[in-house]
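Subject: Handover of a structure and notes on its contents

Dear colleague,

Please find below the structure that I am handing over to you. My notes on what was found in it follow directly after it.

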Amino acid sequence: MRGTIASRLPNNWKPSWDGPVLQIATPARGCAFAQDLDGLSIELDALIGRVRDRSAARGQAVEWKTYGHDRRDLTERLRLAGFVPEDEETVVIGLATNLTAASEAPDGIAIRATTDLADLGRIAAMESEVWGVDWSWLAGDLRDRIESAPENIVVLVAEAADEVVSAAWLVIIPGTEFAALWGGSTLLQWRRKGIYRALVARRAQLAADRGIKYLMVDASKDSSPILQRLGLHPISTTTPWVWSPTT
């Protein structure tokens, strides 16, 4: 999965390589991914410092995405360079065909696919309410992904009457047997009603219809138990380590 990142970026994401580290400038915060760091010693600290310094020059935060199976000293080296961990997530994977019957949409909830910019703005507003921070950038991010590779993303919105109560998207990983389940945030008053499970099932069916074998999720502590009950299997953990100009 990490080996395909550079080939599947939205058009306005700008990648650059520094040895084994892929750093990406985005309209929101930047990100960095790394593989095969085991042969590095003091050079790794220099690499981490350059990732931080390039982001500082742009006045932009940067997220270094780590995994539980990365080299064991990576997170301490990130900490010493000024990066701070966000919440740990569990990486879960499973067969798409096992999830297609996870749940139907509950009464009063309509789930539909959309590419409409107004809908993407409504999704971003819903995410902002869920997380209590400004997620307005998400509308542009989803639009860029749709325009860059419309065959590789399906955005679903869940509505109660005219209110967006949840949204999620299926992201197909070209050149692999995988698709990723992203999104899934749900307004507080609409949780525990089966909407998240229904969005999982709808995306699993879309994936299966396209011949995608596996689904993968970086699952939060809230969604991981649901997904494991549905049949996905934990294989690792992932934690974003973030440096920002205000750190």
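With which residue does Arg 29 form a salt bridge in which the closest N and O atoms are 3.0 Å apart? The partner is Glu 86. Arg 29 lies in the loop between E2 and E3, whereas Glu 86 lies in the loop between strand E5 (84–85) and strand E6 (89–95), so this pair ties together parts that are 57 residues apart in sequence. Please keep in mind throughout that this is a predicted model.

Salt bridges

Arg 29 also forms a salt bridge with Glu 63, and here the closest N and O atoms are 2.9 Å apart. Glu 63 belongs to strand E4 (residues 62–67) and Arg 29 to the loop between strand E2 (21–25) and strand E3 (30–34), so the pair ties together parts that are 34 residues apart in sequence. Glu 63 counts as buried because its relative accessibility is 16%, and the limit for that word is under 20%. Arg 29 is partly exposed, with a relative accessible area of 30%. Glu 86 likewise counts as partly exposed, at 36% relative accessibility.

In total, the count comes to 17 salt bridges. Another of them joins Asp 144 to Arg 143, with the closest N and O atoms 3.3 Å apart. Asp 144 is buried, with a relative accessible area of 8%, while Arg 143 is partly exposed at 33% relative accessibility. Elsewhere, salt bridges that share partners join Asp 45, Arg 71, Asp 73 and Arg 77 into one network.

Helix H4

Asp 144 is also one of the buried residues of H4. This helix covers residues 137–148 and has 12 residues. From its first C-alpha to its last, H4 reaches 17 Å, close to the 16 Å expected at 1.5 Å a residue. Which elements are included in what covers the buried residues of H4? They include helix H3 (117–131) together with strand E8 (153–160), strand E9 (163–172) and strand E10 (178–186).

Aromatic residues

The structure holds three aromatic pairs. In one of them, the rings of Trp 131 and Trp 135 have their centres 6.2 Å apart and their planes at 15°, so the pair is stacked. The cut-off behind that word is an angle under 30 degrees between the planes. Trp 135 is partly exposed, with a relative accessible area of 22%. Trp 131 and Trp 135 form one aromatic cluster with Trp 137.

Strand E6 and its partners

Is E6 mostly covered or mostly uncovered? E6 is mostly covered, as five of its seven residues are buried. Five bridges join E6 to strand E12 (residues 233–243), and the two strands run antiparallel. Within this pairing, Val 92 stands opposite Pro 234 in E12. E6 is also joined to strand E11 (residues 214–219), here by six bridges and again in an antiparallel arrangement. Leu 215 in E11 is the bridge partner of Gly 94.

Two buried residues

Phe 83 is found in the loop between helix H2 (74–80) and E5. It counts as buried, at 2% relative accessibility. Which residues is Phe 83 in contact with, leaving aside its neighbours within four places in sequence? They are Ile 48, Val 51, Arg 52, Val 62, Trp 64, Leu 78, Trp 241, Val 242 and Trp 243. From Leu 47, Phe 83 is 36 residues away in sequence and 13 Å away in space, C-alpha to C-alpha.

Ser 55 lies in helix H1 (residues 42–58). Ser 55 is buried, with a relative accessible area of 0%. Not counting residues up to four places away in sequence, Ser 55 touches Gln 23, Gln 60, Val 62 and Trp 243.

Yours sincerely,

A colleague

Note on methods. Residues are numbered from 1 along each chain as its sequence is written. This is a predicted model: local features need pLDDT of at least 70, side-chain atom pairs count only at pLDDT 80 or more; totals for chains, interfaces and linings use all residues. Side-chain values use heavy atoms; hydrogens and water are left out. A salt bridge is a side-chain nitrogen of Lys or Arg within 4 Å of a carboxyl oxygen of Asp or Glu. Helices (H or I, at least four residues) and strands (E, at least two) are DSSP runs, numbered from the N terminus. Buried means under 20% relative accessible area, exposed over 50%, partly exposed in between (1.4 Å probe, protein chains only). The expected span of a helix is 1.5 Å times one less than its number of residues. Contact means heavy atoms within 4.5 Å. Two strands pair if DSSP finds at least two bridges between them. Rings of Phe, Tyr and Trp (its six-membered ring) pair if their centres lie within 6.5 Å; planes under 30 degrees apart count as stacked, over 60 as edge-to-face and the rest as tilted.
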